[in-house]
Amino acid sequence: MLNYTVLLSATPPDVPGYLIAPFVLLIGLIATGPIFFPHFWHKNFKVIAVGLGLLVLAYYLFVLHDHHMPAETLAEYASFAILLSSLYIAAGGIYINANANATPIINVGILVVGAVIANVIGTTGASLLLIRPFIRLNNHRIKPYQIVFFIFIVSNAGGMLTPLGDPPLFIGFLKGVPFFWTLQHLLSPWAIAVSALCLIFFILDSRNKEGFIPKAEVKARNEAKTEFFFTGKRNILWLAVIIGATFLNPSSYEWLPYIPLEGGIKVSFVREIVQLTAAILCFKFASRTALNGNHFSFDPIMEVVFLFFGIFFTMMPALQLSAELASSPEFAAKLTPSVFYWVTGSLSGVLDNAPTYANFLSLGMAKYHMNYANTAQVHDFAYGLAQSPETLLVLEAISIGAVLFGAMTYIGNGPNFMVKAIAEQAGVKMPPFFQYMFKYSLVYLLPVLALIWVLVIL
């Protein structure tokens with residue numbers, strides 16, 4: 001998994017505010033390019049994303065003379081890209097199909113199953129395993145809202161019960177939060193989020209009858225029996241290897257070799273080699289039937305890899321400046337569980353939720369004079385100190401905000417953009433960046449987030 005450091009203690013004083021302009025420009029182009037100049041954008045987005053990322057990288061190296069932040073970001077990006085690519089390849093070789101036309105209740109069942117297994121194979125693994133079957137089952141009446149709610153539930157909210165579920169929670173586990181802490185303390189918000197979103201989806205899906213024409217061949221088969229087809233079983237083993245390799249963290253196991261960075265940072269490479277090797281072997285020996293059935297191609301993952309290269313590197317000054325603001329005495333004095341929830345969440349929607357979680361966990365512990373680098377103190381912080389029982393609620397607020405708000409935009413969590421790309425490849429006309437927010441996130445997701453705030457955080 002990603003190995004984020006404490007930006008709060010490493011923020012250089014000379015990061016200029018205007019350096020966030022490339023990040024804002026890239027996000028703006030991601031939002032507007034597919035709408036106003038789609039041909040130009042689809043032809044040039046790789047060059048634009050990489051170019052803006054390299055521009056910020058060059059400024060850090062040659063103007064700020066900061067080599068630490070770029071090196072750490074490169075390591076984080078490599079881990080991110082390799083994990084997502086490996087999971088994409090493994091899931092692409094698993095073909096699931098049923099001769100049925102999905103009803104609203106069947107769709108809700110799929111979303112609930114996805115929300116449960118996301119805690120075992122991660123939101124990325126669950127998303128990639130189920131998105132293609134979900135689209136196929138609904139191909140008689142597929143609509144963008146169905147993919148959006150899939151992102152809300154399977155790609156984000158579902159993974160709140162274990163550290164395996166979502167990258168922010170895995171970072172907390174590596175830093176000292178007990179493995180079963182999430183199941184003990186986040187079960188209620190998980191149930192509220194998944195239940196509320198599934199209820200809203202069921203209402204919307206029940207009204208989706210426009211253009212509903214059951215396929216004749218499917219209807220004929222369903223009258224006899226429902227057939228279920230599954231191939232690519234060997235890929236489940238590769239999927240397990242890739243997910244299991246996420247635990248090969250040199251910070252947790254001293255016997256693992258690593259690349260040392262300034263500040264005692266241990267950069268993993270064994271984990272990435274295992275995942276890449278598994279992905280290569282998985283693709284080489286994958287079932288051709290499964291790959292063909294999924295219309296497998298590398299285009300969706302390449303789009304994610306190139307865009308997130310730009311996002312990771314242009315995001316460096318934005319993360320550092322936000323951390324500097326958050327650590328100011330004026331801001332720290334106003335930190336309450338509610339503030340942690342909304343601020344962590346808001347930034348998680350636009351700055352990637354994993355580093356945001358790391359920043360605010362560090363900040364929350366600093367408020368109580370505790371050290372984020374000390375695993376024993378992280379453990380104590382997670383269960384509430386005798387003199388400050390509020391720390392338990394603070395960690396709950398940070399965790400819930402980082403996970404749930406990751407669904408607010410396409411870039412809040414890694415699986416979001418991947419699901420969008422796969423859906424578009426399948427012919428679904430997905431909403432652009434801002435339309436996703438204003439038509440779906442703010443209308444359907446935000447009220448659920450507010451409900452959780454009232455019931456759990458306040």
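Predicted model: local features only at pLDDT ≥ 70, side-chain atom pairs only at ≥ 80, totals over all residues.
Me: How many salt bridges does the structure hold?
Reply: One of them pairs aspartate 205 with arginine 141, and another pairs arginine 271 with glutamate 272. Glutamate 424 also forms a salt bridge, with lysine 420. The number of salt bridges in the structure is three.

Me: How many residues apart are aspartate 205 and arginine 141, the salt-bridge pair that links distant parts of the chain?
Reply: The closest N and O atoms of aspartate 205 and arginine 141 are 3.0 Å apart in their salt bridge. Aspartate 205 sits in helix α8, while arginine 141 sits in the loop between α4 and α5 (144–153).

Me: Is aspartate 205 buried or exposed?
Reply: The cut-off for buried is under 20% relative accessible area. Aspartate 205 has a relative accessible area of 1%, so this residue is buried.

Me: What is the C-alpha to C-alpha distance between arginine 141 and asparagine 101?
Reply: Arginine 141 lies in the loop between α4 and α5, and at 4% relative accessibility it counts as buried. In sequence, asparagine 101 is 40 residues from arginine 141. In space, their C-alpha atoms are 9.1 Å apart.

Me: Why are glutamate 424 and lysine 420 separated by about one helical turn?
Reply: Glutamate 424 and lysine 420 form a salt bridge whose closest N and O atoms are 3.0 Å apart. Both residues belong to helix α19 (residues 414–425). They are separated by about one helical turn because their positions in α19 are four residues apart.

Me: What distance separates the C-alpha atoms of proline 250 and arginine 271?
Reply: Proline 250 lies in the loop between α10 (234–244) and β3 (259–261), and is buried with a relative accessible area of 1%. Arginine 271 is buried too, as is glutamate 272, its salt-bridge partner with closest N and O atoms 2.8 Å apart. Proline 250 and arginine 271 are 21 residues apart along the chain, and their C-alpha atoms are separated by 9.1 Å.

Me: What distance separates the C-alpha atoms of glutamate 262 and serine 287?
Reply: Glutamate 262 is in the loop between β3 and β4 (265–267). At 61% relative accessibility, glutamate 262 counts as exposed. Serine 287 is 25 residues from glutamate 262 along the chain, and the separation of their C-alpha atoms is 44 Å.

Me: Which helix gives the most to the nonpolar patch?
Reply: The patch covers about 440 Å² of surface and is made by Ile105, Ile106, Leu199, Phe202 and Ile203. Both α4 (104–137) and α8 (187–206) supply at least two of its residues. Isoleucine 106, found in helix α4, is partly exposed with a relative accessible area of 36%. With three residues, the helix that gives the most is α8.

Me: What is the orientation of α15 relative to α16?
Reply: Helix α15 (residues 337–351) packs against helix α16 (residues 353–367) at an angle of about 150 degrees, with the axes 8 Å apart. Angles over 145 degrees count as roughly antiparallel. The crossing of α15 past α16 is right-handed, and the orientation of α15 to α16 is roughly antiparallel.

Me: How far apart in space are the C-alpha atoms of lysine 367 and proline 329?
Reply: Lysine 367 is found in helix α16. This lysine is partly exposed, with a relative accessible area of 31%. Lysine 367 and proline 329 are 38 residues apart in sequence, and C-alpha to C-alpha they are 9.9 Å apart.

Me: What is phi of histidine 65?
Reply: Histidine 65 is in the loop between α2 (38–62) and α3 (68–92), and counts as exposed at 57% relative accessibility. Most residues other than glycine have a negative phi. Phi of histidine 65 is instead positive, at near 55 degrees.

Notes:
Residues numbered from 1 in each chain as written. Heavy atoms only, no water. Patch = residues over 30% accessible without salt bridge, like charges linked within 9 Å, V, L, I, M, F, W, Y side chains within 5 Å. Areas by Shrake-Rupley, 256 points an atom, 1.4 Å probe, with all protein chains shown as cover. Salt bridge = Lys/Arg side-chain N within 4 Å of Asp/Glu carboxyl O. Buried < 20%, exposed > 50% of the residue type's maximum accessible area, 1.4 Å probe, protein only. Axes fitted to C-alpha atoms, helices over the stretch in contact; angles between N-to-C directions. Parallel < 35°, antiparallel > 145°, perpendicular 65-115°, else oblique. Left-handed = near helix turned anticlockwise from the far one by under 90°.
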